[in-house]
Amino acid sequence: MDSPRQSNRANRNREAKRGQNHSSTPPQKDAYARLLSQHHSSKFRVYLEQYAKESSFQGEENGPSTFPRAHSDRLDIPQRKRDQAFVDFSDSSDFSPSSMKTKGEESSLSLYMEKLNSRGAQQDCDRRQGVSDKQRRGQRRDTATSQDGDIESGEELSSFKDSKQHQKQQKKNKDPSRDHASKEAASCLRAPQSPRKISSSGQEQEKMKKSKKKNLPKNHEEEKSRDGAISSGVDAEMSRPKSPHGKAKNLQQPQASSANSADKSKNKGGRGAKKQVFEAYMTSEDVSHGLKRAELIQGAIRINPKKYHEAFIPAPDGMRDIFLDGIVARNRALNGDVVVVQVLPREQWKVVRSDTDCEGASESEHQTGKKAQTAQKKKERPPSPDVIVEDQYSDQDELVSRVKNITLSATEKGEMRGPLEDASTPRSNGEILQRTAKVVYIVERKHSRAVTGFLKFLPDKPFAMFSPMDHRVPRINIPLPDCPADFISRPGDYTNTLFISRITSWPVDSNFAEGRLAKTLGQAGEIEPETEGILTEYDVDFAEFPDEVLDCLPKNLPWTIPPEEMCRRRDLRKECIFTIDPATARDLDDALSCKPLPDGNFEVGVHIADVSYFVEEGNALDAIASQRATSVYMVQKVIPMLPRLLCEELCSLNPLTDRLTFSVIWKISPQGKILSEWFGRSVIRSCVKLSYDHAQSMIEAPEKMFSAEELPPMAPEHPIDEIHQAVLNLHTIAKNLRAQRFEGGALRLDQLKLSFTLDKETMMPQGCYVYQYRDSNKLVEEFMLLANMATAHHIYRSFPEQALLRRHPPPQTKMVDELQEFCDQMGLNVDFTSAGALHRSLHTTLGDDEYSSARKEVLTHMCSRPMQMAVYFCTGVLKEEHLFKHYALNVPFYTHFTSPIRRYADVVVHRLLASSLGCGPRLELKGEEVHKQASHCNDKKTASKRVQELSSELFFGVFVKECGPLDSEAMVMGVLDQSFDVLVLRYGVQKRIYCKSLAGLDTFHHHKVGKKGELTLVWSPEEPQKAPVQQVISVFTLVEVQLRADGAPMKYSAVLKRPDENGSDAL
């Protein structure tokens, strides 16, 4: 605090300045005259008169000299600096419109006038408090450590030293002895505000938010967030009063947190001066230091697709995910980006209820922010390294590498503490605190920044508004020259046209991004435009392979194996080897063989296409394969990783053709015990291409004599009986291997998968069914797993620093604890102590009625939520072997070896294996290169999986539109306060049903039975003399639903059917 002597000296200086400023009234009139000459408008003159009245009113309220002094101070600025000030104000200052103006009366000049007045008041109040220009600049730069969430734009972040000084200054400002000064500054800064007063108390803001949320339907809230309004949680953060050194706009900010002001602000579309919406990012040095000291946290951001104002990053300590509330907290990061966040002060953490069953099913892709907090009952299990860090490697620059290494080493050693030390614990009322954070840096932009959507014409604007179909992406301003030629004159013609846009930038002062129109796809609702949009959004390269890639392929066709290559390989062409694949498969990666031995054992072989022979390391073909990383399977087509000449011809293990392979051959007992093992390059000649259906028929009819007409063409040297017996022997061994795996603690979580039958000409869906996973599938799976595990051990022994393996981290501890509590409440005896224990629990009969399998499906889905994704990694980067483990398989080492035609990771593994065996080039790969490729493969695999899911959703939406409405039984998977999720048993799809959209529903009420949420639905009677019908909805409730096409293209909804009165309780 300033000494009395300093304060008196400062006051004398201020009084002297006031005298000078009062004498400068004529220039002030000149300034108004100059501005008036630029805007000869009656509305402007009316506004000036109104503004003068308001200012005089506020001047009387706050002191007679406030208004004149604020303007006279500003007129001491030279002309050149005034011009700079105008630019600065328009970029960074806040604006709160007067309550007496209509929207049409706003203009850029009026905004400037109000901003000018606000800034003048700010400068004056700073002088009262003795704040120097240097101090103000220091505060503006320190965006990373500011706790009020409000940021000034136009300046870079300060050095780390300046940040520390500002943190100390903030602590001083919290001293109660400064309250009086703070109030004086606040009253001064309120002077230019309109008469509409909005409280800046954080508690009052919180009450306002809660009351609004109660009165606003959920979908309305989401729509508001969709349009770019700042979420209420972040607004509360912004609305807290600052210290006396704070900016004027920070005390006006609460006005922006009201829904009306926020909507008005966001809909101005860039007119006039703009307020700062987002913080500037921290400097790379500050990020690096913050991660080292565990003051910052790094992770991949996940945005809730159903509540797009909610986002999360994993907590390094395995506890509840860290919550990011609203677009401001996300700070322009998009779904999947690797970000660095700063945990907010404890008073800004989110209060959530302990509602496992309510919020546990609120999201299809990821858990939401209100998943349940576990009770004190926890079963003992080792802590899990819950954060996958090595799959986030980026080669952007040296800083990114440093950031990654810091996060990796800290997480491996369990050193990620700092802001996470104060773990959330349940309160006495069952509520808990969830940590909240804000993004301060984007390490890697993994989102493609491409999105499909629709164009909207905006009159009198130089741009059109692009509305993405993915609501997690902001709306985008598109320059009109990018739009179709007749878009301006006939915008209605493009209402249903699907476009692709790419975000080019996202200014700090706008809720909307800026971008360019990339392509016109076609009409929304048609399969091909929608499919192309999905592929583009997820950055799938579906272009034709360029000439330089095709030049890498064999030229002399038909191609034959060179004699010199044949001499270097084991010749297995006379063996009984065959493939088992889906009937429509064209890329046949793997083949099997099983030969009985005289001693009663078997020689079993797994033979994998030798893709690495054709894809030489370092050439153009290798480059594009490594970039694509995986083939992408959609309902109607495949986007191949390799040119079709390779994936469907030269590498594919087509029948009756000589092919190059990599083989693993074991001597195995009938009980599945491995007696010996051999790896090597080979040549095979498949004798038949069996489908899963063919193999299943052989398994189900072991005594049947199959005719040639029942099976595909076969090699004459291998009779049908020989192939049939080989399939039966493989089935017997596979059953034993499978039993051993699950007895040893493996876990499998099978979920329903939808398949389609397509019209061969139109490729439109004719029917759909739930895919059946049968013994023939299990047969192939067991031997592929065995080959992958054997290869993992081999390459790790040979190359402990460069091996590319695949690991599966244990489930997230916090979510497992919550699920354990929920199961206890439901009376389900589920053991989560290990993968094997969970597997045994899931296969315990859930009742003995016809719906026990449905209950198992629901429970399996619940158990899949805490599970993490399996990832590729380099053993030289992740040093500790206990982190290599594959949780679900319960094995120490695992990799992918068996599908090199469609996975680039397998190609790398083949090269490692060949080098270790001395039958391939010397290994040139370095550990860092393997690590980068592993990370890239992880990203592409995740994107491929999502594209496959979206393709299935697309085709099912078409099927419902063409063949619906569709009736089915469904089982409730989760209950929220106004909706519930169901698993549609006939089709295996999951849908949410909103109570407010149910026709004939009178009322509904959400309540708790212990920890279990229930919805009581009261249906209006169909006849006046009858009583209303009551229906109780909870997890495992069986209901009847109808799937109907929505008005939006490709969309459908599930509608709950009215219950049978005889089967329900009447009120």
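Predicted model: local features only at pLDDT ≥ 70, side-chain atom pairs only at ≥ 80, totals over all residues.
## A covered helix

Helix α27 runs over residues 775–798 and reaches 35 Å from its first C-alpha to its last, close to the 34 Å expected at 1.5 Å a residue.

## Backbone features in loops

Most residues other than glycine have a negative phi, and most peptide bonds are trans. Against that background, two cis peptide bonds can be noted: the bond from Leu557 to Pro558, with omega near 0 degrees, and the bond from Gly964 to Pro965, again with omega near 0 degrees. Pro558 lies in the loop between α21 (547–550) and α22 (563–567), while Pro965 is placed in the loop between α32 (927–963) and β27 (966–975).

Positive phi values are found in Ala294, near 60 degrees, and in Arg449, near 65 degrees, each a residue other than glycine. Ala294 belongs to the loop between α16 (284–292) and β1 (297–300), and it is buried, with a relative accessible area of 10%. Arg449, in the loop between β8 (437–444) and β9 (450–456), counts as buried at 11% relative accessibility.

## Salt bridges across the chain

Side chains of opposite charge can pair when their charged atoms come close. With a salt bridge taken as a side-chain nitrogen of Lys or Arg within 4 Å of a carboxyl oxygen of Asp or Glu, the count comes to 43. One of them joins Lys940 and Asp539 at 3.9 Å, N to O; because Lys940 lies in helix α32 and Asp539 in the loop between α20 (527–537) and α21, this pair ties together parts that are 401 residues apart in sequence. Lys940 counts as buried at 13% relative accessibility, whereas Asp539, at 42%, counts as partly exposed.

A further salt bridge is formed by Asp599 and Lys667, whose side chains meet at 3.0 Å, N to O. This pair links distant parts of the chain, with Asp599 in the loop between β16 and β17 (602–609) and Lys667 in strand β20 (residues 658–668), 68 residues apart. Asp599 is partly exposed at 46% relative accessibility, and Lys667 is partly exposed at 28%. Elsewhere, salt bridges that share partners join Arg738, Arg741, Arg748, Asp750, Glu781 and Glu782 into one network.

## A negative surface patch

Glu617, Glu924, Glu928 and Glu929 form a negative surface patch. Within this group, Glu928 is placed in helix α32 and counts as partly exposed, at 36% relative accessibility.

Methods. Residues numbered from 1 in each chain as written. Heavy atoms only, no water. Helix = DSSP H or I, 4+ residues; strand = E, 2+ residues; numbered from the N terminus. Expected span 1.5 Å × (residues − 1). Buried < 20%, exposed > 50% of the residue type's maximum accessible area, 1.4 Å probe, protein only. Patch = residues over 30% accessible without salt bridge, like charges linked within 9 Å, V, L, I, M, F, W, Y side chains within 5 Å. Areas by Shrake-Rupley, 256 points an atom, 1.4 Å probe, with all protein chains shown as cover. Lys, Arg positive; Asp, Glu negative; His and termini not counted. Charge placed at Lys NZ, Arg CZ, Asp CG, Glu CD.
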